[in-house]
Amino acid sequence: MRKYLCILAALAALAACNKVTPPVVDPGSDNPNPPVKKFVFPTLYITTMNHASIESKTDYIPATFTIDWTDGLVEDIPGQIRGRGNSSWWNCPKKSYRIHFDEKYGLLGRHPDAGWCLLANFFDKTMLKNDLVYWIGREYCRFDFTPDVDFINVYLNDDFIGLYILVDHLETGKHRVPADFLVEVDSRASEEDGDVIFHTQGIGNSFVIKDPDPIARGDDNFNLVNNFFDTATAVLYSDGWLDPKTGYRAYFDMDSLVDWYLINEISKNNDACFHTSSFMNWSVGGKIKMGPLWDYDGCFGNTEYNNNWSHEGLWMADKGWYARLFNDPDFVKLVHARFMEFYNVRNEWADHIEARAHEINKYVLKDSDRWNDHLRDTGCWNVPVYRDTYWEYIDEFKEWMENRFQWMKANWNL
């Protein structure tokens, strides 16, 4: 998929910077000004045993998977599937899914692995917010790992269920998160549901050790993680926290702290306030690193909560550890300098949105038709703004991001 981006960026550069050029069209009609290159996305056919419906997001059911792509048909890959997600699982008809193959398989040219996710993006009518953030994470940020993205058409038991993005499941490993432990802050975590939980200073919600699996409360691995996080946060909130050698910098990776903050602040990611989907990783002998980035359908103004539909106002600077970190003048300088680096490439980010929109728009319209004219549906949970056409949603996305950049720059007097 990446090999097309240079072509797309060149095409996008010919278009107006602030507005998508195609005229307003009915969301059920084809784009009247398609790109020169015809993009054909892969198709995934999922067949559950006995055509059973997928009712649970905790219990897998057996399934086989067939992939139709440019290099031909790969049939009957054995594995399992279950639902995934929180709000999206309960509040939208188009579901997201977690796939686990019986053996590692390299989907769409990626490194072989067993675990994958199909994300529905039902709350995001552009279907591009996750794609944009993961692309930014891979191309512009200093994270060890950010999920890759491929758009893919999906059939479940012979029923077309829409356009999805295929992303890497978050887990530790050579071609996934290169760390000993993957940790998530998740306010919904429950030991009754099997979550391995600990708590630490500065954040009220639960920390969950997601990987490696199995891990149990009180075992050696649990104690390693819990003790290091306790030590790190005790130092962060101590009187000597700013000491250049023994202070918090000895325990936290500065590059990932800064980049994770800025991506979530620029996008006003509603869940990133150490509520849920807030990931970090740690290896023995190393520092706590923020990331990977995860779950960005409810951002860039696409949420009804906490005034986060507005491009104005800081969201993350007084949340969790960042409320403490913003009392460090050196940390603030790092944030401001890094923000200006992102500010100076913001047009590249907007170009990516437009290029991807040209690539997927016809598929989005088919997805909308499948889900009862979803683009025009004004009853979609947590969507604050409605537009008549796909291209109006794209324009709004780009305009919101530009306004956000300008507000943050002015607010910080940069």
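**Overall dimensions and salt bridges of the predicted model**

The structure is a predicted model, in which local features need pLDDT of at least 70 and side-chain atom pairs count only at pLDDT 80 or more, while totals for chains, interfaces and linings use all residues. Residues are numbered from 1 along each chain as its sequence is written, and side-chain values use heavy atoms, with hydrogens and water left out.

Nine helices and 12 strands make up the secondary structure of the protein chain (DSSP runs numbered from the N terminus: helices, H or I, at least four residues; strands, E, at least two). Of the 414 residues, 55% are buried (buried, under 20% relative accessible area; exposed, over 50%; partly exposed, in between; 1.4 Å probe, protein chains only).

The whole structure contains 24 salt bridges (a side-chain nitrogen of Lys or Arg within 4 Å of a carboxyl oxygen of Asp or Glu). In one of them, Asp-159 pairs with Arg-370 at a closest N to O distance of 2.9 Å. Asp-159 belongs to strand β7 (residues 159–168) and Arg-370 to helix α8 (residues 346–370), so this pair ties together parts 211 residues apart in sequence. Asp-159 is partly exposed at 34% relative accessibility, and Arg-370 is partly exposed at 26%.

Within helix α8, Glu-359 and Arg-356 lie three residues apart, about one turn; their side chains form a salt bridge of 3.2 Å, N to O, and both residues are buried. Salt bridges with shared partners also join Arg-110, Asp-113, Asp-150, Asp-168, Glu-171 and Arg-176 into one network.
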